[in-house]
Amino acid sequence: MTLLQVRDLTVTFPTPRGPLDAVRSLDLDLEPGGALGIVGESGSGKSMTSLAIMGLQPRAAQRTGSVRLHDQELVGLSEAELRRVRGDRIAMVFQDPLSSLNPYYTVGLQIEEAYRAHRPGTTRRVARRVAVEALERVHIRDAARRVDHYPHQFSGGMRQRVMIAMALSTEPELLIADEPTTALDVTVQAQILDLLQEIRRETGTGLVLITHDLAVVSEVTDHIVVMKDGVCVERGPVEQIFTDPRHAYTQALLDAVPRIDDEIGELRAVTPGAAGDVGQRNEQNGGAA
Amino acid sequence: MPRFLITRVASGLGVLLLVCLFTYLIFFALSPDPAVQICGKNCTPEVIDQIRGNLGLDQPFWTQFFHFVVGIFAGRTYGEGAGAVECAAPCLGYSFQSSQAVWDMIIQRLPVSATIAVGAAVLWLLAGLAGGLLSAVKEGTFLDRFTTGLTLTSMSIPNYVLALVLQYVLVVKLQWLPFPQAVAFADDPGQWFANFVMPWIVLAVGYAAAYTRLTRANVLDVLRENYVRTAYAKGLAQPLVWRRHALRPALTPIVTIFGMDFAGLLGGALITETVFGINGVGKMAADSIARNDQPVIMGVTLLAGFLVVVGNIVVDVVYTAIDPRVRVNA
């Protein structure tokens, strides 16, 4: 049975120049315990995809299509029903852990509230124990003391661990990680990826990993979806994408990965005009409306 | 006492000393000879010299300044021998006009000014926060635009105009309220309220409008923060997200501004008191300027400076309580 099945997902924004599709007709499939990578450059719609899966797209945007978690359809659910899914069955880890944690509250409180939101009647003591355990699970040393610290008292990598601990405290079926390592330096990046792998092995949580970094997906995921301008341009198992890219864009992305044995040359754009404004982009796509 | 508080208090004292110096400098440079002023019409050069001697005006600038500062902390004596006048600490000198001690004059009028400031502050804080929050919740709706229009209008009405209009309508035409006078709360709480309500409104309107704008902008800013998105992603309900994750960060900066606005007003609302003829510190200052009564002007300036400095320190302390990032060495 499929854990996550996305069909024909489209997220549309009204603009003065007509409706604009940030994501268009996207299909995704993820088996329980599987790991799916969504790759693409900035503005390719990959983050919007992750928000749309949870129904967290901006208020102005319209979401159509189908998002099924096991056998529950998420598109068309009321806000209250969606709330029961968010954080409990699908949890999310965001790119910048410093701005994604509220600076005014201890990490403990922020983990506790994620847990208590879905377990009404949980006492603070129980929630606190959950928080400490969650921090221990992501290998934060001295968790019993650190639980009372504020986000600014953690380093970048540790903060991302806190985010992951928070996401995992409810034992979600699906974890969506949106550029979880982009704000971190390379060694810390590797540690966080290891941690994600380890968690997936131990808990069987499904993982959707969103990134612009092909090296990252190749380490963690088994399937890849390549997105460009809101559309999936290529999909397949990791090895296939890496050894035999079908789409020119995928090839361009692969070529963009810097190699240590490369000769030093000028930076290349992935595709000419790829980072152009959205209006131009939609025209290229044939109007998108 | 934490170390940061000691530094704050020390630097506050430094600021006050500078305020002292500059006020004194202006006093020293601009004042037409005070001795002549005090002496009055039937004056002889000998009397003027004597007054100069008594006030220490024949001394060099730095000596005078030193005596002035020492007088604030330790008191001072004017003149010598039998005619000597003892001025107890905190000594801010004597009014040229009434020969009253400036300190006593201020203390006498401070309760009235404080009453006006506290009442207005309560009013503008309530109105500003409520208006701003409502505007932010209903962003883009008619209510939001209406509030925006209202705040812009209120900000552009000068408060002396508002005072006169209110007075004409509420006192003269409708006769709902008396002409404001400083009634003590203990004497008659009802009359106290009736007398002070107009000054409160007049003083609060401009601030309320500014605070509404500020609250609205802060709340909308914070709602775009990533941690608010995180809170929604955790499955928290909107009221909780607002209450816990948006309001506290949004309202923290307002504490700073409120502290300073309020502290500045405690030392007298010049225009409001003058328009309503309420004899507070502000009106006293205005009158003293007209009469060139330098010691009083200096006293009020110092008081205002002192209150702002104290207000700042209080804000800093409060800030450490509400923003964990500010807790030094926590």
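At what angle do helix H9 and helix H10 of chain B pack, and how far apart are their axes? In this predicted model, the angle is about 150° and the axes are 10 Å apart.

**View 1. Packing of helix H9 (residues 226-233) against helix H10 (residues 238-266) in chain B.** At about 150° between their axes, H9(B) is roughly antiparallel to H10(B), because angles over 145 degrees are classed that way. The crossing of the two helices, H9(B) and H10(B), is right-handed. From H9(B), the contact draws on Tyr227(B), Val228(B), Ala231(B) and Tyr232(B). H10(B) contributes Val241(B), His245(B) and Ala246(B). Six of the residues in this contact of H9(B) with H10(B) are nonpolar and one is polar, with no charged residue.

View 2. Is Gly267(B) buried or exposed? Gly267(B) counts as buried because 25 C-beta neighbours lie inside 10 Å, where 20 or more are required. Beyond its neighbours within four places in sequence, Gly267(B) is in contact with Ser113(B), Val281(B), Val300(B), Leu303(B), Ala304(B) and Leu307(B). Asn312(B) lies 45 residues from Gly267(B) in sequence, and the C-alpha to C-alpha distance between Gly267(B) and Asn312(B) is 15 Å.

**View 3. The side of chain A that touches chain B.** Contacts between the chains involve 22 residues of chain A and 17 residues of chain B. On chain A, helix H2 (79-85), helix H3 (97-100) and helix H4 (107-116) each provide at least two residues of this side. The chain A residues on the side touching chain B comprise ten nonpolar, six polar and six charged.

**View 4. Residues 272-289 of chain A, where pLDDT stays under 50.** How many contacts beyond four places in sequence does the model have for residues 272-289 of chain A? For this stretch of chain A the model has 17 such contacts. For chain A as a whole, the mean pLDDT is 85, with 89% of residues at 70 or more.

**View 5. Chain A, with its twelve helices and ten strands.** Chain A has 289 residues, of which 46% count as buried. Taking contacts in chain A between residues at least 6 apart in sequence, 65% connect residues at least 24 apart.

How values were computed
Residues are numbered from 1 along each chain as its sequence is written. Chains are lettered from A and ligands numbered from 1 in the order in which they are written. This is a predicted model: local features need pLDDT of at least 70, side-chain atom pairs count only at pLDDT 80 or more; totals for chains, interfaces and linings use all residues. Axes are lines fitted to C-alpha atoms, for helices over the stretch in contact, and angles run from 0 to 180 degrees between N-to-C directions. Helices (H or I, at least four residues) and strands (E, at least two) are DSSP runs, numbered from the N terminus. Angles under 35 degrees count as roughly parallel, over 145 as roughly antiparallel, 65 to 115 as roughly perpendicular and the rest as oblique. A crossing is left-handed if the near helix is turned anticlockwise from the far one by less than a right angle, and right-handed if clockwise. Two residues are in contact if their C-beta atoms, placed from the backbone, lie within 7 Å. Ala, Val, Leu, Ile, Met, Phe, Trp, Tyr, Cys and Pro count as nonpolar, Asp, Glu, Lys and Arg as charged, and the others, Gly among them, as polar. pLDDT is the predictor's confidence in each residue, from 0 to 100. A residue is buried if 20 or more other C-beta atoms lie within 10 Å of its own, exposed if 12 or fewer, and partly exposed in between; C-beta atoms are placed from the backbone.
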